[in-house]
Protein chains: 2
Amino acid sequence: MERLLSTRARTTTSSTIRDLLKLLEQPDVLSLAGGLPAAETFPVARMREAAQRVLGEAGTYGSAALQYGPTEGVAALREWVAAVLPNAMPEQALITTGSQQGLDLVFHALVDPGDAVVVEAPSYVGALQALEATSPELVMIPMDGDGLRVDVLAAQLRAGLRPKCLYTVPNFQNPTGATLSYERRVELAALADRYGFLVVEDDPYGVLRFRGSRVPLMRTMTEHAVTLGTVSKLLAPGLRVGWVVGPEWLFGSLVKLKQARDLHTSSLSQHVAADVLSDETFMSGHLARLPGVYRTRADALYTSMTEAFGERLQMVAPDGGMFLWGRFDGLDTNAWLQRAVRERVAFVPGTSFHRGEGRGRDEARFSFATLTPAQLAEAVGRLRAAA
Amino acid sequence: MERLLSTRARTTTSSTIRDLLKLLEQPDVLSLAGGLPAAETFPVARMREAAQRVLGEAGTYGSAALQYGPTEGVAALREWVAAVLPNAMPEQALITTGSQQGLDLVFHALVDPGDAVVVEAPSYVGALQALEATSPELVMIPMDGDGLRVDVLAAQLRAGLRPKCLYTVPNFQNPTGATLSYERRVELAALADRYGFLVVEDDPYGVLRFRGSRVPLMRTMTEHAVTLGTVSKLLAPGLRVGWVVGPEWLFGSLVKLKQARDLHTSSLSQHVAADVLSDETFMSGHLARLPGVYRTRADALYTSMTEAFGERLQMVAPDGGMFLWGRFDGLDTNAWLQRAVRERVAFVPGTSFHRGEGRGRDEARFSFATLTPAQLAEAVGRLRAAA
């Protein structure tokens with residue numbers, strides 16, 4: 001009966017993230033693969049209190065956390081989003097089922113089959129999956145330590161490239177950890193204005209800065225920008241609560257697409273998130289503690305990796321986020337992963353984040369977010385044994 | 001900048017459900033439109049207890065209700081689904097963000113542009129929206145008091161129709177309230193086997209039977225069936241937890257599509273639902289009480305409507321579900337709705353559930369689920385004033 005499957009279903013790319021999430025189920029694997037936020041940072045007690053509050057009005061019509069709600073999202077949450085993002089009004093904020101859904105909606109609202117879309121090389125796997133469902137012409141632009149090579153993009157635009165949109169993770173990119181520099185953001189904004197494409201800036205990691213100073217979002221530099229965010233790293237990913245804040249002409253289309261996708265995001269998740277996020281006293285303490293957990297882990301993993309692999313490894317010390325990216329002289333990271341899994345340790349080979357045969361073959365992504373410093377040191381020992 | 005929108009975004013049909021959900025926001029409107037389950041039936045206290053339990057393991061890696069989880073869904077919930085559905089294994093059950101997402105995934109996994117898809121006339125608006133995103137050739141088959149006219153379908157199949165799938169709400173259909181008879185289910189199953197199409201049976205309302213006896217699901221009659229369900233009417237819709245149980249050849253495609261859509265459904269919602277549903281003592285009491293609330297309301301609305309509109313109205317007394325469907329001799333229900341809204345009462349005109357100019361013009365759907373019997377009587381008074 002497989003003949004009943006649509007072309008789309010038959011051609012959907014294989015599910016790297018899915019396989020990664022499955023590693024969760026094996027507790028003896030030390031996984032640097034999955035990108036799971038540190039569970040120790042989840043504000044469990046405060047969220048339990050929030051759940052009590054939003055489920056408090058038994059049996060009345062006021063139990064909004066249990067009833068159908070508007071597709072756009074819960075008003076209190078949209079107001080919070082507008083308050084924390086620059087140049088944003090609540091009416092522009094669409095609450096999504098995680099920022100993964102935001103990507104799905106934005107790409108489907110913009111991209112027709114064959115449209116050119118610019119992405120960073122390497123790029124977030126989930127974004128590539130959502131984007132590829134729209135059958136675009138992918139244009140991959142290389143990165144360096146300051147993020148996307150905007151000069152390379154500018155040359156391609158001068159040569160005639162006319163993309164619908166450009167996808168970037170501007171802060172602590174997944175997978176490289178690189179942050180797009182201020183100068184390049186200004187240049188990229190000018191290119192978006194000049195050539196009329198939309199910058200899709202996906203910012204799950206900006207909140208996890210533990211060194212250096214914040215760089216303004218591109219939405220402050222151009223009206224050709226749509227910004228995605230999430231509570232996944234801020235509170236907890238299991239809520240599946242994210243948002244998209246874009247220009248007015250895009251909003252209605254996003255809402256209509258979302259309505260056909262899932263009507264609206266979990267009311268319970270939204271109300272719990274809104275209750276915690278709106279508690280300014282709690283959040284200022286939480287945000288003061290959060291990046292420190294990641295700094296300790298980032299430094300532990302970076303030190304262990306550079307000591308273990310020496311000159312063979314090119315790796316940049318991170319200022320935030322969840323990932324380290326490495327290039328390993330003469331090492332095929334896919335073959336390495338096979339051996340690593342036997343040693344009960346996991347990471348993501350570079351080829352997963354690229355498109356095109358052989359690209360990223362000597363590269364790999366390592367998450368420092370999930371494990372404790374002691375576990376990270378043990379994981380690097382296993383990695384070295386497998387290399 | 002609207003030129004950046006995709007063809008898909010520009011052609012998405014206008015959002016009837018969205019507009020309906022917005023009526024929520026006006027408390028003085030007596031809405032028979034929205035299809036909101038009776039909030040009084042939500043097991044708020046038991047769900048609050050569940051939230052406490054699943055958020056109980058502070059700061060440990062065990063806080064599964066807050067961490068990323070597998071795309072397929074939480075194991076305990078998949079096991080519950082397999083236990084309550086006939087011929088189902090946990091490995092076949094995909095947990096979705098409401099059954100709306102199940103529809104989105106199933107249609108995208110099956111339908112290529114131009115593929116023939118059979119739907120009931122009239123049909124659930126949200127299913128039509130999800131389906132139309134795949135650009136099918138819609139084939140609408142009329143209904144009567146025993147559900148889909150399977151004889152009409154059989155004639156079209158003999159004449160050469162070869163659909164990919166057929167969408168049906170077999171129990172207490174939305175919008176007509178009709179239940180597909182046992183004999184027709186057997187016939188339809190035989191047609192699915194013979195002509196090789198998949199029956200997509202969407203069963204949110206089967207649990208709300210308050211008279212007569214249950215008719216077996218089509219999945220017991222053919223392997224050409226995929227079954228969708230939801231906790232929306234069983235516990236509460238705000239959780240956005242549903243499921244799809246289909247044949248093995250379909251499962252992998254659904255999971256891959258879902259992964260690109262939203263990674264997975266809210267872990268918090270899933271764990272709360274699993275905790276309540278797995279409590280057999282609680283659920284047997286809940287299920288014993290639940291249909292009675294709807295019976296009282298259905299009878300109240302049916303009696304008021306038939307008294308108020310007399311011979312002008314054709315309407316069938318319901319055995320379950322949430323909706324009454326009426327045909328009004330010589331009344332344009334769209335024009336009626338305009339006047340009704342001024343009287344602070346709302347319903348859904350029949351044309352919303354049809355495709356093709358003018359179809360369903362003298363018909364309308366009335367939900368008896370949301371309001372109390374006294375409010376229902378008041379609503380009918382306003383409807384009569386507006387007619």
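The model is predicted, with local features requiring pLDDT of at least 70 and side-chain atom pairs counting only at pLDDT 80 or more, while totals for chains, interfaces and linings use all residues. Residues are numbered from 1 along each chain as its sequence is written, chains are lettered from A and ligands numbered from 1 in the order in which they are written, and side-chain values use heavy atoms, with hydrogens and water left out.

Secondary structure is assigned from DSSP runs, numbered from the N terminus: helices are H or I runs of at least four residues, and strands are E runs of at least two. Two strands are taken to pair if DSSP finds at least two bridges between them. In chain A, 4 strands form an open antiparallel sheet in the order 10-11-14-13. Strand 10 (313–315) and strand 13 (348–349) of chain A are the edge strands, each pairing on one side only. Strand 10 of chain A is joined to strand 11 (residues 323–328) of chain A by 3 bridges in the antiparallel sense. Within this pairing, A:L313 stands opposite A:F328, and A:M315 stands opposite A:G326. Strand 11 of chain A also pairs with strand 14 (residues 363–367) of chain A, again in the antiparallel sense, over 5 bridges. Here A:F323 faces A:S367 of strand 14. Burial is defined by relative accessible area, computed with a 1.4 Å probe on protein chains only: buried means under 20%, exposed over 50%, and partly exposed in between. By this criterion 5 of the 6 residues of strand 11 of chain A are buried, so this strand is largely enclosed by the rest of the structure.

Chain B also contains an open sheet of 4 strands, in the order 10-11-14-13 and with antiparallel pairing. Strand 10 (313–315) and strand 13 (348–349) of chain B stand at its edges; each has a single partner strand, so one side of each is left without a neighbour in the sheet. Strand 11 (residues 323–328) and strand 14 (residues 363–367) of chain B pair in the antiparallel sense over 5 bridges, and B:R327 stands opposite B:E363 of strand 14.

Two packed helices are described by the angle between their axes and the distance between the axes. Axes are lines fitted to C-alpha atoms, for helices over the stretch in contact, and angles run from 0 to 180 degrees between N-to-C directions. The axes of helix 10 (residues 267–277) of chain A and helix 10 (residues 267–277) of chain B come within 8 Å and cross at roughly 120°. The two helices are therefore oblique to each other (angles under 35 degrees count as roughly parallel, over 145 as roughly antiparallel, 65 to 115 as roughly perpendicular and the rest as oblique). Contact, meaning heavy atoms within 4.5 Å, is made by A:L268, A:S269 and A:V272 on one helix and by B:L268, B:S269 and B:V272 on the other. Helix 10 of chain B is mostly covered, with 11 of its 11 residues buried; among them are B:H271 and B:D275. The cover over these buried residues includes helix 10 of chain A, together with helix 3 (44–54), helix 4 (75–84), strand 2 (93–96) and helix 11 (280–309) of chain B.

Several residues were examined individually. A:T176 lies in the loop between strand 6 and helix 8 of chain A and is buried at 18% relative accessibility. Leaving aside neighbours within four places in sequence, A:T176 is in contact with A:P122, A:M143 and A:W325. Between A:T176 and A:L290 there are 114 residues in sequence and 21 Å in space, C-alpha to C-alpha. A:S181 is found in the loop between strand 6 (165–168) and helix 8 (182–195) of chain A, and counts as buried at 15% relative accessibility. A:S181 touches A:D146 and A:V215, not counting residues up to four places away in sequence. In chain B, B:T168 belongs to strand 6 (residues 165–168) and is buried, with a relative accessible area of 0%. Beyond four places in sequence, the contacts of B:T168 are B:E120, B:L180, B:V199, B:V200, B:E201 and B:D202.

A search of the whole structure finds 0 disulfides over all chains, a disulfide being a pair of cysteine sulfur atoms within 2.5 Å. The cysteine A:C165 is buried, with a relative accessible area of 0%, and B:C165 likewise counts as buried at 0% relative accessibility.
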